[in-house]
Amino acid sequence: MEIRSPKTTSEWEEYYDLRYRILREPWKQPRGSERNEGDATGMHFGLYDSNQLLGILRLDSMEIGISQIRFMAVETSNQGKGIGENLMLFAEEISKNRGDKKIILHAREIALGFYEKMGYQLIEKSYLLFGEIQHYLMEKNI
Ligand SMILES: CC(C)(COP(=O)(O)OP(=O)(O)OC[C@H]1O[C@@H](n2cnc3c(N)ncnc32)[C@H](O)[C@@H]1OP(=O)(O)O)[C@@H](O)C(=O)NCCC(=O)NCCS
C-alpha cells in the first residue's frame with residue numbers, strides 16, 4: 001500500500017475517473033463536472049494497493065496556516081477498510097509539515113460520522129450540492 005500522487009497519463013485518467021464515478025455519476029452529472037480550477041494548484045493523492053487505485057483526495061492550501069481537503073472518495077467495494085482514514089492521516093501529516101495549524105472541509109451529510117471519527121468538529125451547515133446533497137463545514141486543529 002502506498003499513498004502518492006498519480007504519475008502517468010493513465011494514472012491521472014484513473015484518478016479523475018474514480019472521482020467521477022463516486023462523487024458525480026450517481027447524481028447523473030456529466031463527465032468533466034468532477035474537475036475544477038483548483039485541480040491545477042491542489043495536491044492530489046491516491047492510495048494504491050499493488051498499483052490499483054482505491055481511494056483519493058485533494059489537499060488545497062487556503063489562507064496562511066489553513067488547508068482544505070476536497071474530493072475525498074474511496075472505491076465502493078473498498079469502503080470501510082481504513083482507506084479513507086489512511087488518506088486523511090497522510091494529508092494531515094503533509095499539511096502539518098508545511099506549517100498549517102488547521103484543516104477545514106465541507107462534508108456530505110452521509111460522511112459526517114467518518115470525519116467526526118477523524119477528529120473533525122462540525123462548525124455549520126454549508127452548501128447544497130445538486131439541490132440535494134447537504135454539506136457541513138468541519139474543521140480540525142492539527
Ligand atoms: C466517506 C469515505 C471517504 C470514508 O472512507 P472509508 O475508507 O470508507 O472509511 P474508513 O474505512 O477509513 O473508516 C474509518 C472509520 O470511520 C467510520 N466510517 C466510515 N464511513 C463512515 C460513514 N459514512 N459514517 C460514519 N462512520 C463512517 C468507519 O466505520 C471507521 O470507524 P472505525 O475506525 O471505528 O472502524 C468513503 O466511504 C467514501 O468515499 N464514501 C462515498 C463518497 C463520499 O461520501 N465522500 C465524502 C465526500 S465529503
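I began with burial: a residue is buried if 20 or more other C-beta atoms lie within 10 Å of its own, exposed if 12 or fewer, and partly exposed in between, with C-beta atoms placed from the backbone. I noted that the model is predicted, so that local features need pLDDT of at least 70 and side-chain atom pairs pLDDT 80 or more, while totals for chains, interfaces and linings use all residues. I numbered residues from 1 along each chain as its sequence is written.

**Entry: Ile103.** I located Ile103 in strand S5 (strands are DSSP runs of E, at least two residues, and helices runs of H or I, at least four, numbered from the N terminus). Ile103 counts as buried because 24 other C-beta atoms lie within 10 Å. I then listed its contacts (C-beta atoms, placed from the backbone, within 7 Å). Beyond neighbours within four places in sequence, Ile103 touches Ser67, Ile69, Glu92, Ser95, Glu139, Lys140 and Ile142.

Entry: In soluble globular proteins, nonpolar side chains tend to be buried together.

Entry: Ser50 is exposed because it has 7 C-beta neighbours inside 10 Å. Phi is positive in Ser50, near 50°, and in Asn51, about 70°.

Conventions
Two residues are in contact if their C-beta atoms, placed from the backbone, lie within 7 Å.
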